Amino acid sequence: MTSEPIDENLRWILSFYRTSEISGALFFGQLARSMRPGPVQRDMTQHFADEAQHAHYWTACLEQLGASALRLGQSYQDQYIMAAGMPVNLMEVLAITQVFEKRVFSQYARHSRLLDLHPVVKKTLTKIMDDERWHIEWIRDALAGMRDDYGEDVIAATLARFHAADEDVYAKTATEHQERIDYLMAHSRRNDSK
Amino acid sequence: MERVAEIKAKMAELLSQPVDALGDDIELTSLVNSSFVLVEMIIEMQEEFDVRFTQQEVTGVTTVGQLVKVFADRLA
């Protein structure tokens, strides 16, 4: 455990990650329960188990840094639905998740590139990113398997709709939490100049 | 009419609400803490009634009555 208290911005960011992982686990857990047994349900079960594990990793990470998690309200995923409209079938759920998982991976990758990153945070990000790669893969494969059912054009249009929403939500989140983003960017610039 | 009652009963069960609380004019978002609950409910109801909707079919649906009608029309 570290003796110095961590920066409040870092505490907020790690708590934000944790809240998103919890929301993802609960969402997929509920969905998996309502689905018919089969390969998609099997992979979704693994997916929500991973997300729950990730939430635990972030809790443990915060504790190792001498901090407790912040209780945050609305998760990033909630804003997706508000921006893109509610997914109304399994294909749309997988499409929105695919877009979301790519955003998560990109954010974690960006965070992990900070050179003065605490080793505990770095280790946590690395562990989670290994799982996230598989999440993106299984959903991509599942969507490919739905082409006959839903139509390739419909799937492509759905992904495009959620990509557009993703850009909006990310921009809105960045504006709303500018101070946190500045914290990350300041660290990035410091590292770039090294 | 029987179908409408069946749809509402399932909706009430999935939202953990009494059927009486599901008036036709009630906004769906007022019944849940998170929009994810609504997604789960709609998908689970499609599984239950063995139907599948597209985005276009539910666009503009915001109230209990509108959602019940979408299901009832499909099941008619």
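Which residue of chain A does the side chain of Arg52(B) meet in a salt bridge? The partner is Asp149(A), with 3.2 Å from N to O; a salt bridge is taken as a side-chain nitrogen of Lys or Arg within 4 Å of a carboxyl oxygen of Asp or Glu. The model is predicted, so that local features need pLDDT of at least 70 and side-chain atom pairs count only at pLDDT 80 or more, while totals for chains, interfaces and linings use all residues. Residues are numbered from 1 along each chain as its sequence is written, chains are lettered from A in the order in which they are written, and side-chain values use heavy atoms, with hydrogens and water left out.

Across the interface of chain B and chain A, the rule finds three salt bridges. Eight residue pairs across this interface are in polar contact, both residues being at pLDDT 80 or more. A polar contact is a pair of N or O atoms within 3.5 Å; within protein, one must be able to donate a hydrogen and the other to accept it, and residues adjacent in sequence count only if both atoms are side-chain atoms. On the side of chain B that touches chain A, the elements giving two or more residues are helix 2 (35–49) and helix 3 (55–58) of chain B. Helix 2 of chain B gives the most, with ten residues. Helices are DSSP runs (H or I, at least four residues), numbered from the N terminus.

In total, 17 residues of chain B are in contact with 20 residues of chain A, contact meaning heavy atoms within 4.5 Å. The two chains bury about 1800 Å² between them, 60% of it on carbon and sulfur atoms. In chain B, the most area is lost to chain A by Phe36(B), Arg52(B) and Gln55(B), together 34% of what that side buries. Buried area is the accessible area (1.4 Å probe) that two parts lose on being put together, summed over both.

Over all chains, the structure holds eight aromatic pairs. Rings of Phe, Tyr and Trp (its six-membered ring) pair if their centres lie within 6.5 Å; planes under 30 degrees apart count as stacked, over 60 as edge-to-face and the rest as tilted. Tyr17(A) and Tyr108(A) have ring centres 4.8 Å apart and planes at 80 degrees, so the pair is edge-to-face. This pair links Tyr17(A) in helix 1 of chain A to Tyr108(A) in helix 4 (residues 90–112) of chain A, 91 residues apart. Tyr17(A), Trp58(A) and Tyr108(A) form one aromatic cluster.
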